[in-house]
Amino acid sequence: MASLPKRIIKETERLVTDPVPGITAEPHDDNLRYFKVTIEGPAGSPYENGLFHLELYLPDDYPMEAPKVRFLTKIYHPNIDRLGRICLDILKTNWSPALQIRTVLLSVQALLASPNPNDPLANDVAEDWIKNETGAKAKAKEWTSLYAKKE
Amino acid sequence: MTQMKSKTTPITSDYIDDPNYEKVHNPIFDSENISSFTLTEITDHKTDSGVLSQDSEFEIEDFAYSDDEFVYDDEENNETYDSMLSQPIKQITKKEMSEGSVPNLNYEVLTTQNIFKNMLSRLDHLQPVFNIPREDILLLMQHYDWNEERLLENWTERMDELLVEIGVSQKTSAVATSLEKKAENPDISGVKTKRGIAFKQSFECIICCEDKDTQTFSLECGHEYCIDCYRHYIENKLHNGNVITCMDCSLALKNIDIDTVMGHDSSKKLMASSIKSFIQKHNKNYKWCPYADCKCIIHLKDTSSLAEYTRLHFSPFVKCDAEHRFCFNCGFETHAPADCNVTNAWVKKAKKESENLNWVMSHTKECPKCGVNIEKDGGCNHMKCSSCKYEFCWICEGDWAPHGKSFYQCTLYTNDEKSKKKESEDLSKIMKKYTFYYRVFNEHEISAKLDWKLGQTIGSKVRALQEKMDVSWIEGQFLTDSIKILNEAVEDLSELLQIKDPEQIMKNKLEFYNKSGYVENRMYALMECGRDLLCKGICKPTD
């Protein structure tokens, strides 16, 4: 593998020295482009008190290409599907090289705080969310306590 | 599909008169049967609507398979058949087919250059209203998917917001914050940043984080990055045809900026993709020629007649400058008399089924007893059908018992005919039907290819006539004319064309004319019949 670009080294350093509250990101020992990520469920959301594991991968063309992010923990959310794939504009069309790992993870956290059922990825969840918001939120909360337990 | 000439639809010829008919007739390649069946059935339809109206045209295979249904000595059939040929057909001339009952297609063939000119003239037309540079109007129009009305409406209401939206001007607040930033940063004075390239010593680019002496680029927003990062960024964005903005805000790069950064006229690429998007947005009026590497675009100004075409089961065939003929509606090659729906249904089915069929045929064998498809995934050749428990040899598909202990190689003589017969009997009904039609389809495709070859040899024949018979080139053209018609209809006209002796050719000259005219008439008749079937709803494609 080619040597790690300075940009990635700098971002990694900053993630360690100046971590974002509620978010951890650690590069894998064998592959410094692969990060193990945890995000705490935002307060006031159905995901509160949950700890969600994610994986993040920086493709070869990063930062020209967006990082690839995926939830590993099962989550009931209209914009996250069963495979943990996330529907978030900045991960696709609205990616800009001026964004960073930390901004991406903050956006994911914000997505947990404010789901957008009108632009769904998991159609069934989104439908549930629109028709019966209280019920859907209760289910999200239930899933959080089931699958996203803090150790 | 590219080789398929849809004009070679099953055309009947006068097999009735042909003494060789019985010999030629082959139940596998029964395309003739279907078409003649269709022809007779239509005439019958007037009195007895029973047979075809219940089932679709894809359901007639039961008849097509049993040869007995097609005995031509049936007097009544023969009569209706003949009257079909002599009477109504004569009335349908080429002229009527192309311009008679449906409105004319008024179209022009364009190139991307023409389209670009059209785009520019539309922009120039708007220029007095907007009073901003043409390039900015282009951005506005693209933003509004070339919907002028909506754009003008919004323009009068919220001009400034729009300009920010498309990245022509900055948000006033954004300017303020970037100015604040600059105030904090002692390196940059408070003056508004100039658009363009600068040279900086030990510049730290926040994209690549490298610290180096480098050229940099920035727009008025002041987001400055090293030229390498900017180049990389633009390179990635050029292909998708969207407006390229600053990496950190929505301010748009203009074509001249792109060329400045990239050092050559890369903006052309962006323009090419914006032309593509223009065509895409106007796909009701503009269609790319579907042929590979053909760059022609057909522009149909008035699409109102298309509905009429659909209603009458006609298809709007157009021809580009490279003589490629295709259907404006569905983008396939000419496919008369089938309409677009039928064609689409067939192509989809052929695509889907042929894949399945190929796999099934190449990977499985049918149990000789119960016909279940078996895939052999290992083990010896002693097979036991899991469905009917029949034990057989994988190689010869015969009963296992006589094989005794010769486990690994079958030494029994295979009775080919017998097994083939069994096979066809055991094919499931739907597969049988499908395979039959697929074969017919394939046969026509093959004959279309053969026709093309024949066309090639005709040229040399004409030359032979000139040399040996002292026939002038013009006089020899009747051969070439014949081949033109033959290309659209393959029948015993081809027998005449097989004649090698130049003397014989001249003797049969009249026959050439007769046959050509005849075949041509039949073709129109068939097209008309096919359309009729569709119009009256007698036949429709099934799934």
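This is a predicted model: local features need pLDDT of at least 70, side-chain atom pairs count only at pLDDT 80 or more; totals for chains, interfaces and linings use all residues.
Some conventions first. Residues are numbered from 1 along each chain as its sequence is written, and chains are lettered from A and ligands numbered from 1 in the order in which they are written. Local features need pLDDT of at least 70 and side-chain atom pairs count only at pLDDT 80 or more, while totals for chains, interfaces and linings use all residues; side-chain values use heavy atoms, with hydrogens and water left out.

Chain A, then. Its mean pLDDT (the predictor's confidence in each residue, from 0 to 100) is 90, and 99% of the residues score at least 70. Within chain A, confidence is lowest in helix H3, residues 123-131, with a mean of 85, and highest in strand E3, residues 51-57, at 95. Helices and strands here are DSSP runs, numbered from the N terminus: H or I of at least four residues, and E of at least two. Chain A has four helices and four strands, in the order α-β-β-β-β-α-α-α. Of its 151 residues, 46% are buried, meaning under 20% relative accessible area with a 1.4 Å probe and protein chains only; exposed is over 50%, and partly exposed is in between.

Next, the largest nonpolar core. By that I mean a set of buried Ala, Val, Leu, Ile, Met, Phe, Trp, Tyr and Cys residues joined through side-chain atoms within 4.5 Å. The core has 39 residues, and Leu54(A), Phe71(A) and Ile86(A) touch the most other members. Elements giving two or more residues to this core include strand E3 and helices H1 and H4 of chain A. H2(A) gives the most, with six residues. What does Phe71(A) touch, leaving out residues up to four places away in sequence? Its contacts (heavy atoms within 4.5 Å) include Phe52(A), Leu54(A), Ile80(A), Ile86(A) and Leu112(A).

Chain B has 22 helices and twelve strands, and 41% of its 543 residues count as buried. I will stay with helix H8(B), residues 134-143, where seven of the ten residues are buried. Among them are Ile137(B), Leu139(B) and Gln142(B). The buried residues of H8(B) pack against H7, H9, H10 and H14 of chain B. Just after the helix, Asp145(B) takes a positive phi of about 50°.

On a 1 Å grid over the protein atoms alone, a cavity is a set of points where a 1.4 Å probe fits but cannot get out; a pocket is an open set with protein on both sides within 12 Å along at least five of seven lines; lining residues have an atom within 4 Å of a point. Points are joined across faces, edges and corners, and volume is the space filled by probe spheres set on them.

There are three cavities of 30 Å³ or more.

Last, the second largest pocket, at about 1200 Å³. It has 48 lining residues, and those closest to its centre include Trp95(A) and Lys237(B). Here H14(B) supplies the largest share, four residues. H8(B) is one of the elements that supply at least two.
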